Amino acid sequence: LNAPKNLGAFNFIDMFESLILRLKQKLQEPLPGLTAHVKMVPPGRAMIADNDELHAVRESAVLVLLYPKHDNICFCLIKRPMTMRDHAGQYSFPGGKYEQEDTSYEYTALREAREEIGIKPGDVQILGRLSKLYLSVSKFHITPILAFMHSKPEFIPHSFEVDSILELPLDILSDENKKTVELKTVTGMLSVPCYYYRDEIIWGATAMILAELETLLN
């Protein structure tokens, strides 16, 4: 997914537009959903809310944003500060809780991306929704919104909500960048599947969403 060095800007633009068209088409077909998510789910985590948990489930949305950067197709993650109540210190997509005044999950994802990293909603083009997934630890029911921009965003991270921004090339989504690592979690030490890139560990819901995107790309 990164352009060979002898390709010009025009050919890279063609490649990017071709990828976007391919994803648009894939989103019209049945999504892999659970079959992709389960490959990266941490051990012991429920993937469906029990009946006695339904009252506590919080609807949310995240923005999976693709964009070109230096002849690569990239996406960004944010690292949650250690002061956050949920998923502290983890990498996630920008996003958050669906509020009563939000008109759609797309609106939620764009609103949160603007608040957290300064993304201008008017610069973003929505492709569609990936499969919902449930986080039993935080009781979030997440709707990932897949979108793209024609140029690299100008990030303005919110210091309270974002510790750092991690930009990654889309071609990290491959088996060679997957491994299992030992991590200390809120439920104790776990051997968790993850995407591993330059010593950065991407696991949990973020890895599950990326696993579905990887399946669509393949």
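Student: What makes E106 and R129 a salt bridge?

Tutor: In this predicted model, the side chains of E106 and R129 meet at 2.7 Å, N to O. The cut-off is 4 Å, so the pair counts as a salt bridge. The pair links distant parts of the chain, with E106 in helix α3 and R129 in strand β5 (residues 125–129), 23 residues apart.

Student: Why is E106 called buried, and why is R129 called partly exposed?

Tutor: Buried means under 20% relative accessible area, and exposed means over 50%. E106 has 17% relative accessibility, so E106 counts as buried. R129 has 39%, so R129 counts as partly exposed.

Student: What does the salt bridge between E116 and R80 tie together?

Tutor: Their side chains meet at 2.9 Å, N to O. E116 lies in helix α3 (residues 105–117) and R80 in the loop between β2 (72–79) and β3 (91–92), so the pair ties together parts that are 36 residues apart in sequence. Both E116 and R80 are buried.

Student: Why does the span of helix α4 agree with its number of residues?

Tutor: Helix α4 (residues 205–217) has 13 residues, so at 1.5 Å a residue the helix should span 18 Å. Its end C-alpha atoms are 19 Å apart, which agrees. Of its 13 residues, 12 are buried, among them M208 and L213.

Notes
Residues are numbered from 1 along each chain as its sequence is written. This is a predicted model: local features need pLDDT of at least 70, side-chain atom pairs count only at pLDDT 80 or more; totals for chains, interfaces and linings use all residues. Side-chain values use heavy atoms; hydrogens and water are left out. Helices (H or I, at least four residues) and strands (E, at least two) are DSSP runs, numbered from the N terminus. The expected span of a helix is 1.5 Å times one less than its number of residues. Buried means under 20% relative accessible area, exposed over 50%, partly exposed in between (1.4 Å probe, protein chains only).
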